[in-house]
Amino acid sequence: MSVSDAQIIALLQAGKRQGMNALFDRYYKPLVVFADDLLHDLPEAEDTVLEQFVKLWEKELYEHIHPNALSTFLFTIVKNACMNQITKKGLPTEQLDLPHYAIAQEESYLLDETVIETVLEAVRKLPEKTQQVIQSVMCQGHSYQETADELEVSINTVKTLLKAGMRELRSELEEYKKMFLLFMLYPQDFQ
C-alpha cells in the first residue's frame, strides 16, 4: 500500500518510526539513483542518502516540511550533500536540474514491451553472476546479505558485481538514459 507524502510527514511529526520506514520505502531508491548520477559511485551514493535520512530524523528536519515539498526537499538535500562531496574532492561542479526523476516517474506507466525488452537485452549481455546480483538486489529487493547468502558469495562480491553491472548497463543504455533511469526506479517492471 502506497503512503502519501502527507501521511509520511504526519507519521514523522508524531515521532513514529513507521514514518521513516515509509519515507525509506518511497524515496530511497530514487534518491540513490539521483545521487549515483552525480557521484558515479553507487556505494557512496547509498551512504549519502542514508546520511541525509539520519540527519532528517535526528535533527527533526521534517517538522517544518510541507507535505507538498517533501520530494523537492529530499532531492535538494541529497544534491547539496553530493555537491559538497564533489567539491571536497576538488572536482568541477556544474548546475544540475532538479529532479529528473519526475519525468521517469510519469513515463514509468507508459513502459511498452520494446522498452522492457531493450533493458532486458542489456541485462542478458552481462556475465551470469552479475545478472543474478542485479535481479536479486534491484528487481527482487533483496539485501546484499540475502543476495550473498543466496549466491554463496561474499557481500563485497555482491557490491562489486552490482557496481560493475550498473556501470555496464549505464554504458550500454547511454543513448536510452531515460530507460536506464526507469530501470533504476522501477526494476520490478523489468522482470
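**Notebook: aromatic rings**

I looked up the aromatic rings and found that Phe-24, Tyr-28 and Phe-53 form one aromatic cluster. The model is predicted, with local features needing pLDDT of at least 70, side-chain atom pairs counting only at pLDDT 80 or more, and totals for chains, interfaces and linings using all residues. Residues are numbered from 1 along each chain as its sequence is written, and side-chain values use heavy atoms, with hydrogens and water left out.

I counted three aromatic pairs in the structure. I took rings of Phe, Tyr and Trp (its six-membered ring) as paired if their centres lie within 6.5 Å; planes under 30 degrees apart are stacked, over 60 edge-to-face, the rest tilted.

I checked Phe-24 with Tyr-28 next. This pair is stacked, at 4.4 Å centre to centre and 20° between the planes. Both residues sit in helix α2 (residues 17-39), four residues apart, about one turn of the helix. Helices here are DSSP runs (H or I, at least four residues), numbered from the N terminus.

I then looked up burial: buried is under 20% relative accessible area, exposed over 50%, partly exposed in between (1.4 Å probe, protein chains only). Tyr-28 is buried at 15%. Phe-24 is partly exposed at 33%.

I turned to Phe-24 and Phe-53. Their ring centres are 6.1 Å apart and their planes at 70°, so the pair is edge-to-face. Phe-24 is in helix α2 and Phe-53 in helix α3 (residues 42-58), so this pair ties together parts 29 residues apart in sequence. Phe-53 is buried, at 5% relative accessibility.

Conventions: Helices (H or I, at least four residues) and strands (E, at least two) are DSSP runs, numbered from the N terminus.
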